[in-house]
Amino acid sequence: MDDKRRLILDQALALVDEQGLGAMSMRAVAERVGLTSMALYPYVGGKDALLDGLVDLLHSELGTAYGSELSEIDWRDRLRALGRAVRGLARKHPAAYPLLLNRPAAGASASWLTAALRGTLHDAGVPAPAVPRLTRMICAFLLGYTTGEVTGGLPPGDDQAQADADAEFDADLEDLVRLVEVAAEQR
């Protein structure tokens, strides 16, 4: 990614983190990077393209948080790590995170989530015909659960409720592991 484009996207994401998605405009982003709004267009296109760039940036951050040296790690631990990486991204960027559900995956890095899940399911021994369905189910759970947490769709709580929510999420990840184990036994 071009350095100037990355700077613009990073500043757009920082703006959304600080002030919410409604505050993001070409003008506001341009002010943060010391350019005019028109000077942004060669790097990020219009506002829709800028939003697509944010989706791509979020997917890239998710891929980085998940890691790249996981091939030697048991598939169960990889699935848990993926779930925690998705949840961590939601907590890091709660205002921007819903873009992952509202906008189509924009860039080349966006397909890594599906590829990571497919690779994990393959390594678990899930029969090839079942992989797409199980991938959709796991993506729907991870993205839906975490979006509910950051948008208020799931009930907020005090410190004890947060500890309970963490334990519940970990229990849900264990349920996903068992679901994959059952699917793998269907060979």
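User: Which residue does Asp170 form a salt bridge with?

Analyst: The partner of Asp170 is Arg84, and their closest N and O atoms are 3.3 Å apart. Keep in mind that this is a predicted model.

User: What does Arg76 pair with?

Analyst: Arg76 forms a salt bridge with Glu181, with 2.9 Å between the closest N and O atoms. This pair links distant parts of the chain: Arg76 belongs to helix 5 (residues 75-92) and Glu181 to helix 9 (residues 159-185), 105 residues apart.

User: How accessible are they?

Analyst: Arg76 is partly exposed, with a relative accessible area of 27%. Glu181 counts as partly exposed too, at 26% relative accessibility.

User: Let's switch to helix 1. What about Glu18, who does that one meet?

Analyst: The side chain of Glu18 meets that of Arg32 in a salt bridge, 2.9 Å from N to O. Glu18 is in helix 1 (residues 3-19) and Arg32 in helix 2 (residues 26-33), so the pair ties together parts 14 residues apart in sequence.

User: Why does Glu18 count as exposed?

Analyst: Because its relative accessibility is 53%, and exposed means over 50%. Arg32, at 30% relative accessibility, counts as partly exposed.

User: Which residues are linked in a network of salt bridges?

Analyst: Arg87, Arg91, Glu149 and Asp166 are linked that way.

User: How many salt bridges does a search of the whole structure find?

Analyst: The search finds 14 salt bridges.

User: New topic: how many helices and strands are there?

Analyst: The protein has 9 helices and 0 strands. Following the sequence, the pattern reads α-α-α-α-α-α-α-α-α.

User: What share of the residues is buried?

Analyst: Of the 187 residues in the protein, 42% are buried.

User: And what about the surface?

Analyst: The accessible surface of the protein is about 9,600 Å², and carbon and sulfur atoms hold 52% of that.

User: Last one: what about contacts along the chain?

Analyst: Take the contacts with a separation of 6 or more: 73% of them are between residues 24 or more positions apart.

Notes
Residues numbered from 1 in each chain as written. Predicted model: local features only at pLDDT ≥ 70, side-chain atom pairs only at ≥ 80, totals over all residues. Heavy atoms only, no water. Salt bridge = Lys/Arg side-chain N within 4 Å of Asp/Glu carboxyl O. Helix = DSSP H or I, 4+ residues; strand = E, 2+ residues; numbered from the N terminus. Buried < 20%, exposed > 50% of the residue type's maximum accessible area, 1.4 Å probe, protein only. Contact = heavy atoms within 4.5 Å. Areas by Shrake-Rupley, 256 points an atom, 1.4 Å probe, with all protein chains shown as cover.
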